[in-house]
Amino acid sequence: ADWAFSRAGQRQLVRKLRQRRKRAAGAAAAADAGGGAVDVSGVGRIIVAGGGIGGAAVAVALQSRGFDVLVLEADASLDSRKQGYGLTIQRQDAMQAMGINLAQDDAPSTSHY
């Protein structure tokens, strides 16, 4: 999106955005260098709206980092309505980065049929 701001004559805003990204990247690198430990003491409960694929994935990733997570889901069970999707894992590196190990689980597929 930097090009859009640049083209609109907002070069100063582009500079600020780039500086902010650079600082954030430096902070993330420092956290990774520290073993990935995250201080969650000042964070309250995190509410995730929806227990679908995205909500479940973010909840598991946050819990693995020590956050207190509550997932809100409107459906009472998996059988409440037809589910039109399946879970195919193509990015094993992304799953590993979130700390999710599916080696013992036979439900998700790693390839399309």
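This is a predicted model: local features need pLDDT of at least 70, side-chain atom pairs count only at pLDDT 80 or more; totals for chains, interfaces and linings use all residues.
R45, at 52% relative accessibility, counts as exposed.

The side chains of D68 and R45 form a salt bridge, with an N to O distance of 3.1 Å. The two residues are 23 residues apart and link distant parts of the chain. D68 sits in the loop between helix 3 and strand 2, and R45 sits in the loop between helix 2 (11-33) and strand 1. The count of salt bridges comes to one.

## Helix 3

Helix 3 covers residues 53-64, which makes twelve residues. At 1.5 Å a residue the helix should span 16 Å, and its end C-alpha atoms are 17 Å apart, so the two values agree.

Which residues of helix 3 are buried? They are G55, A59 and A61. Seen down the helix axis, the buried residues fall within an arc of 165°, so they line one face of helix 3. Their cover includes strand 1 and strand 2 (69-72).

After helix 3 comes G66, which has a positive phi near 100°.

## A nonpolar surface patch

I47, L70 and L72 make a nonpolar surface patch of about 250 Å². I47 belongs to strand 1 (residues 46-49). With a relative accessibility of 47%, I47 counts as partly exposed, because the exposed class begins over 50%.

Definitions and conventions. Residues are numbered from 1 along each chain as its sequence is written. Side-chain values use heavy atoms; hydrogens and water are left out. Patches are made of residues with over 30% relative accessible area and no salt bridge: like charges are joined within 9 Å, nonpolar side chains (Val, Leu, Ile, Met, Phe, Trp, Tyr) within 5 Å. Accessible areas come from the Shrake-Rupley method with a 1.4 Å probe; for residues, only the protein chains shown count as cover. A salt bridge is a side-chain nitrogen of Lys or Arg within 4 Å of a carboxyl oxygen of Asp or Glu. Helices (H or I, at least four residues) and strands (E, at least two) are DSSP runs, numbered from the N terminus. Buried means under 20% relative accessible area, exposed over 50%, partly exposed in between (1.4 Å probe, protein chains only). The expected span of a helix is 1.5 Å times one less than its number of residues. The arc is that of the directions from the helix axis to the C-beta atoms. Contact means heavy atoms within 4.5 Å.
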